[in-house]
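Reader: I want to go through this model step by step. Show it first, then take my questions.

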Amino acid sequence: MATDAPPPQKGSPGTSGVALPSTEEFVAAQESADFGELRKAHRSFAFPLTIAFIAWYLVYVLLSNYAGDFMGTKLFGNINVALVFGLAQFLTTFLIAWWYARYSAAKLDPKAEAIKSRMEGGA
């Protein structure tokens, strides 16, 4: 739910005693080497997998449109190549999400937590 309320000020009630960083501190954190490493680690995972998944999806769509005989090939019973590829789309979606969650917990979260604790004055 969006509000028109301004952000809380430093030391205002309801901030749990955590001092909020200033705009300059946010900009300095964004320009820091640690933040650059975090951004690079995220991009090196997310961009290649996004491109790979989109390519895989486009191959599926193009095969469905232009290779009807191949996609209609029965593998067993009423199960054909198109159905297997379609279900594989769901499987790869869940596998990528699972893989990203593991990668994030192992590589991204520790870096983000270090930046957050430094921003909150814990380091």
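Reader: How many salt bridges does the structure hold?
Author: This is a predicted model, where local features need pLDDT of at least 70, side-chain atom pairs count only at pLDDT 80 or more, and totals for chains, interfaces and linings use all residues. Residues are numbered from 1 along each chain as its sequence is written, and side-chain values use heavy atoms, with hydrogens and water left out. A salt bridge needs a side-chain nitrogen of Lys or Arg within 4 Å of a carboxyl oxygen of Asp or Glu. The number of salt bridges in the structure is 1.

Reader: Which residue forms a salt bridge with Asp 34?
Author: The closest N and O atoms of the pair are 3.1 Å apart. Asp 34 lies in helix H2 (residues 33-66) and its partner in helix H4 (residues 81-119), so the bridge ties together parts 84 residues apart in sequence. Helices here are DSSP runs of H or I with at least four residues, strands are E runs of at least two, and both are numbered from the N terminus. The partner is Arg 118.

Reader: Which residues form the largest nonpolar core?
Author: Such a core joins buried Ala, Val, Leu, Ile, Met, Phe, Trp, Tyr and Cys residues through side-chain atoms within 4.5 Å. H2 and H4 each supply at least two residues of this core. The 9 members are Ala 29, Leu 38, Ala 41, Phe 45, Leu 49, Tyr 103, Leu 108, Ile 115 and Met 119.

Reader: Which residues does Phe 45 touch, not counting those up to four places away in sequence?
Author: Contact means heavy atoms within 4.5 Å. Phe 45 belongs to the largest nonpolar core. Its partners are Trp 99, Tyr 100 and Tyr 103.

Reader: How many of the 123 residues, in percent, count as buried?
Author: The largest nonpolar core has 9 residues. For the chain, the buried share is 16%.

Terms used. Buried means under 20% relative accessible area, exposed over 50%, partly exposed in between (1.4 Å probe, protein chains only).
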